[in-house]
Amino acid sequence: MGSCTYVNLAKPVAEKMLLFGSKVGFSLYALARKKSLSTKSLHALMGCLCSKNTRWTPGYEEPTVLAAETPFTVSEVEALYELFKKLSSSIINDGLIHKEEFQLALFRNRNKRNLFADRIFDLFDIKRNGVIEFGEFVRSLGVFHPNASVADKTTFAFRLYDLKHTGFIERDELKEMVLALLHESDIVLSDDIVELIVDKTFNDADAKGDGQIDQEEWKEFVSKNPSLIKNMTLPYLKDITLAFPSFVVSTEVEDSDV
């Protein structure tokens, strides 16, 4: 197999290795636009937010707290809460996002197993209790914010590939993710070419040659191949209240106060 073949195939594969990052954002964007609130419902919602009897979802955290810990403003966190409520009630109306609801939002299919959906869900599920709470939802999406640090994005990407949670990326984990990527992208390659891509990528990243990629090696590899994390920046998250104008609600706390 010539080096030309590798270059022609490896580049598009590398550029799509975090395709699911953009899939998360744009799927949520499409869902929110499709289910945006009418003016009448928005007024009703604003009244509810000001009511002392407002019922928050389990695991709810104050927007001021989340805004202080993430790149989002208070109003953006409030907009995300409206989106969260829609996602968390799509199948089971309990104020928590279950894996089936997460998969339905991303891939329009609640039953078909998908490694991308599984990995993203696992990382959003910070408490590892099988559901995503509002605070987890906001903190995890914060990694995709344009103002989030490259270090945070690089670490998140590393954890996506660390399927066994060992603190290292092994060759079989890389291969599994590459195969899942090819399947998700409807790309069919021969076994020989897949092995070539996996070998070349793994050998380039495994600078120490010890058969595993640690976080320092991954950081260096990403610095030389920034396309690996480019889809982990979702521009519209910079002002989600403009992306989802129907979700803008009044707040008693000014963003500048946070």
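The protein chain exposes about 13,000 Å², of which carbon and sulfur atoms supply 52%. The model is a predicted one. Its chain of 258 residues is 47% buried, and its secondary structure comprises 13 helices and 4 strands. Of the contacts between residues at least 6 apart in sequence, 66% join residues at least 24 apart.

**Packing of H5 against H8**

- Two packed helices are described by the angle between their axes and the distance between the axes.
- For helix H5 (residues 74-87) and helix H8 (residues 134-142), the angle is about 120° and the axes lie 10 Å apart. This angle makes H5 oblique to H8, and the crossing of the two helices is right-handed.
- On the H5 side, the contact is made by Val77, Leu80, Tyr81, Leu83, Phe84 and Leu87. Helix H8 contributes Phe134, Phe137, Val138 and Leu141.
- By residue class, the contact of H5 with H8 divides into 10 nonpolar, no polar and no charged residues.
- An α-helix has 3.6 residues a turn, so residues three or four places apart point the same way.

**Packing of H10 against H11**

- Helix H10 (residues 171-184) packs on helix H11 (residues 191-205) at an angle of about 130°, and the two axes are 10 Å apart. The resulting arrangement of H10 relative to H11 is oblique, and H10 passes H11 in a right-handed crossing.
- The residues of H10 that make the contact are Arg171, Leu174, Lys175, Val178, Leu179 and Leu182. Those of H11 are Val194, Glu195, Val198, Asp199, Thr201 and Phe202.
- The contact of H10 with H11 contains 7 nonpolar residues, 1 polar residue and 4 charged residues.

**Burial of H7**

- What is the extent of burial in helix H7 (residues 115-124)? In H7, 9 of the 10 residues are buried, so this helix is largely enclosed by the rest of the structure.

**Individual helix positions**

- Val222 is found in helix H12 (residues 215-224). With a relative accessible area of 4%, Val222 is buried, because the cut-off for burial is under 20%.
- Beyond the residues up to four places away in sequence, Val222 touches Thr154, Leu228 and Ile229.
- Glu100 has its place in helix H6 (residues 99-107). The relative accessibility of Glu100 is 36%, and this residue counts as partly exposed.
- Glu100 and Phe121 are 21 residues apart along the chain, and their C-alpha atoms are separated by 9.9 Å.

**Loop residues and backbone geometry**

- Most residues other than glycine have a negative phi, and most peptide bonds are trans.
- Arg128 is not a glycine, although its phi is positive at about 55°. Arg128 is found in the loop between H7 and strand S2 (131-132).
- Is Arg128 buried or exposed? Arg128 is exposed, with a relative accessible area of 58%.
- His165 likewise has a positive phi, of about 60°, although it is not a glycine. His165 lies in the loop between helix H9 (150-161) and strand S3 (169-170), and at 44% relative accessibility His165 counts as partly exposed.
- Gly167 also lies in the loop between H9 and S3. The relative accessibility of Gly167 is 27%, and Gly167 counts as partly exposed.
- Which residues does Gly167 contact, leaving aside its neighbours within four places in sequence? Gly167 is in contact with Phe158, Asp162 and Asp214.
- Gly167 and Ile213 are 46 residues apart in sequence, and their C-alpha atoms are 8.8 Å apart in space.

Methods. Residues numbered from 1 in each chain as written. Predicted model: local features only at pLDDT ≥ 70, side-chain atom pairs only at ≥ 80, totals over all residues. Heavy atoms only, no water. Buried < 20%, exposed > 50% of the residue type's maximum accessible area, 1.4 Å probe, protein only. Contact = heavy atoms within 4.5 Å. Areas by Shrake-Rupley, 256 points an atom, 1.4 Å probe, with all protein chains shown as cover. Axes fitted to C-alpha atoms, helices over the stretch in contact; angles between N-to-C directions. Parallel < 35°, antiparallel > 145°, perpendicular 65-115°, else oblique. Left-handed = near helix turned anticlockwise from the far one by under 90°. Nonpolar A, V, L, I, M, F, W, Y, C, P; charged D, E, K, R; others polar.
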